[in-house]
Amino acid sequence: MLAMNYRGPRRVRIDSKPYPEIKHPEDAIVRVTRSCICGSDLHLYNGNVPDTRVGSTFGHEFVGVVEEIGSDVEKLKVGDNVLVPFNIACGKCSFCQQGLYGNCHESNPQATAVGGIFGYSHTAGGFDGGQAEYVRVPYANFGPTVIPPGMDPDDAVLLTDVVPTGYQAAEMAGIQPGDTVVVFGAGPVGIMAARCSWLFGAGRVIVIDQVDYRLEFVRNYAPCEAYNFKGMDDPVVFIKKITDWIGADVCIDAVGAEAAGSALQTITGRKLLIQAGSATALHWAINSVRKGGVVSIVGVYGPTDNLVPIGNVVNKGITIRANQASVKRLLPRLIDHVQNGILNPKALITHRVPLEDVADAYNIFSNKLDNCIKPVLIPSTRS
């Protein structure tokens, strides 16, 4: 089969890899019909996530058709169209029982933090991902969800990560009616976080980014205020100025490890890799939120230390909430929102690229070419 193959930082190609096999009675094999490139994949692509091994296949956002099932799979049948959450969760361990599917212990038992994730380095279990024609899906009695009849697969594929992550960013923020919410990052997750903030009662939503076409997109999609930080002397001062010098009630970090805006953070976190990515957006969030406010973090950082102003967190009495989205927990509500027209995920998709051209797709997305918001890979499904 054809699959994306990681060959080192900023080097990916399409390759022939072995067809996946059933390894456990609860496995399924899914023929991929849509897979996405995520902003989180760019952290891997650029070499910012430890233990990303040559030969890996990325891709934690995919939908497809069930081709094979293990002997103990009862919740799926061959031919089902399924969306597969990016979390690999058993549904039975103590963390899954709490709804913390992003922290499943069974799928990644040697880790003390994150559970298993498709196509996301060996720190997340070393599973191959869905930027391929076929993929092995563990815990098939729990994770995969049958796509409702009539749902557009372009909507379904964004329900595997982008929609639940943006929604959970707003949910974790504990937004109260009338709150001012600042979202750092106008990528797909930041755009969805801005849109979902209104669902929780926000009175004002502000997005900060440095790419004009993304800012224009979020203004129209969310809708919200959107500002380019490159025109600011200090984004923190700017936010305080437009919030009566109090600060925002809520700040959401939807950027993570590759944030621009600080030379020190960029050099130490992206060039020298002596901290777990550039924490510029997190700095701005902590310093822009009001006393007693909430900072919600869904941006990805590596599993080592970061330079963050923890003293300001303590002295301002800030609440910080962060996690990988628990996709399975959120799906029933989000499917309803899509079916009822409250959310329109597929509007984020700007590029549909054949799987064979995966290297071009990564180049377009990583370099923000051609007004790219979200690229989707379409396999030809050859064996």
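Start by selecting helix H9, residues 280-288: eight of its nine residues are buried, so this helix is largely enclosed by the rest of the structure. Buried here means under 20% relative accessible area, with a 1.4 Å probe and protein chains only. Helices are DSSP runs of H or I with at least four residues, strands are E runs of at least two, and both are numbered from the N terminus.

A quick note on what you're looking at: this is a predicted model, where local features need pLDDT of at least 70 and side-chain atom pairs count only at pLDDT 80 or more, while totals for chains, interfaces and linings use all residues. Residues are numbered from 1 along each chain as its sequence is written, and side-chain values use heavy atoms, leaving out hydrogens and water.

Still on H9, color its buried residues, among them Leu-282, Trp-284 and Ile-286. What do the buried residues of H9 pack against? Show strands E10 (180-184), E13 (248-253) and E14 (289-297), plus helices H7 (235-241), H8 (263-271) and H10 (310-316).

Next, select H5 (residues 188-199) and H6 (residues 212-221), which pack at about 25° with axes 10 Å apart. Axes are lines fitted to C-alpha atoms, for helices over the stretch in contact, and angles run from 0 to 180 degrees between N-to-C directions. Display the side chains of Ile-191, Met-192, Ala-194 and Arg-195 on H5, then Phe-217, Val-218 and Tyr-221 on H6: these make the contact (heavy atoms within 4.5 Å).

Finally, zoom out to the whole chain, with its 12 helices and 17 strands. Its C-alpha trace spans about 60 × 40 × 40 Å along the principal axes, and 59% of the 383 residues are buried.

Methods
Buried < 20%, exposed > 50% of the residue type's maximum accessible area, 1.4 Å probe, protein only.
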